[in-house]
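Please keep the sequence and the coordinates in view while reading.

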Amino acid sequence: MSTEAHVESDREAGHAIITDLISYQLTRISNSLSRSAALRYRRLFDVTLAEWRTLALLGAQSPMTLNRLARRAALDKAQMSRVVSGLYDRGLIRKDLGAGRTTHLSLTEEGIKVYDGLIAEANERDTRIRGAPRFEGSSGFRAGVGNS
C-alpha cells in the first residue's frame, strides 16, 4: 500500500494523521515563533533565545537560584549554568551568595537596560501577532491555550 493510500485509509477510519493533530500544530507554531524571535533578538540585542528567557525571567522576578531559573526556563541545569556564565561574563547578571551554598541571581544595571529593550520588543511583537487577521478571528484557539 502506498503512503497516500495508507493516509487515506487512516482518515476513512477516523484516524488523524500527525499533521492533523493539535499538539503537532501547536509545536510547529511554537517552533516557528521561537525561531523568528531568536533571529530578531540576536540581531537587535545580541542574545540567544535561552539568554533572552533568562533575562526576561530575572527581570520579572529576582533574585532566583540557578535551579529555579532552569525549571522556569525549561532548560536543564547544565544548560542554564552555561547561559548564566555567559551573561555573568558580559556583566548582565549578578551572583550573590545566599544561605548555605545557594547563589542568588539577579540583573545588573546593564542587564536591566537590556531587559527593558527586550521586553519592550517582545511586547510589540506580541501585539503584532495578536493583531494578525488569522489570530484575531481565532478566539477558540486563544481560549484553548489560555490567552483569551
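In which loop is aspartate 46 found? Aspartate 46 is found in the loop between H2 and H3, where helices (H or I, at least four residues) and strands (E, at least two) are DSSP runs, numbered from the N terminus. The model is a predicted one, in which local features need pLDDT of at least 70 and side-chain atom pairs count only at pLDDT 80 or more, while totals for chains, interfaces and linings use all residues. Residues are numbered from 1 along each chain as its sequence is written, and side-chain values use heavy atoms, with hydrogens and water left out.

The protein has eight helices and three strands, and along the sequence these follow the pattern α-α-α-β-α-α-β-β-α-α-α. Of its 148 residues, 25% are buried; buried means under 20% relative accessible area, exposed over 50%, and partly exposed in between (1.4 Å probe, protein chains only). Contact means heavy atoms within 4.5 Å. Among contacts with a separation of 6 or more, 45% are between residues 24 or more positions apart.

Most residues other than glycine have a negative phi, and most peptide bonds are trans. Aspartate 46, although not a glycine, has a positive phi of about 55°; with a relative accessible area of 42%, aspartate 46 is partly exposed. Alanine 74, in the loop between H4 and H5, is not a glycine either and has a positive phi of about 60°. Its relative accessible area is 69%, so alanine 74 counts as exposed. The peptide bond from serine 62 to proline 63 is cis, with omega near -5°, and proline 63 is placed in the loop between H3 and strand E1 (64-65).

The interior comes next. In soluble globular proteins, nonpolar side chains tend to be buried together. A nonpolar core is here a set of buried Ala, Val, Leu, Ile, Met, Phe, Trp, Tyr and Cys residues joined through side-chain atoms within 4.5 Å. The largest such core has 26 residues, and those with the most contacts inside it are Trp52, Leu55, Leu69 and Met80. At least two residues of this core come from each of helix H2 (22-45), helix H3 (49-60), helix H4 (66-73), helix H5 (77-89), strand E3 (103-107) and helix H6 (109-131). H3 gives the most, with six residues. Leaving aside neighbours within four places in sequence, leucine 55 is in contact with Val47, Leu87, Leu92, Leu107, Val114, Tyr115 and Leu118.

Helix H6 also holds glutamate 121. Is this charged residue, glutamate 121, buried or exposed? Glutamate 121 is buried, because its relative accessible area is 9%. Not counting residues up to four places away in sequence, glutamate 121 touches Arg40, Tyr41, Leu44, Phe45 and Arg128. The side chains of glutamate 121 and arginine 40 make a polar contact (2.4 Å); this term denotes a pair of N or O atoms within 3.5 Å, of which, within protein, one must be able to donate a hydrogen and the other to accept it, and residues adjacent in sequence count only if both atoms are side-chain atoms. The C-alpha atoms of glutamate 121 and leucine 44 are separated by 9.2 Å, although these residues are 77 residues apart along the chain.

Threonine 108 lies in the loop between E3 and H6 and, at 16% relative accessibility, counts as buried. A polar atom of its side chain lies 3.0 Å from the backbone nitrogen of glycine 111. Beyond its neighbours within four places in sequence, threonine 108 is in contact with Gly91, Leu92, Ile93 and Arg94.

The last feature is a pocket. On a 1 Å grid over the protein atoms alone, a pocket is an open set of points where a 1.4 Å probe fits, with protein on both sides within 12 Å along at least five of seven lines, and lining residues have an atom within 4 Å of a point. The lining of the second largest pocket includes Thr65, Lys77, Ser81, Lys95 and Leu105. H4, H5 and E3 each give two or more residues to this lining, and H5 provides the largest share, four residues.
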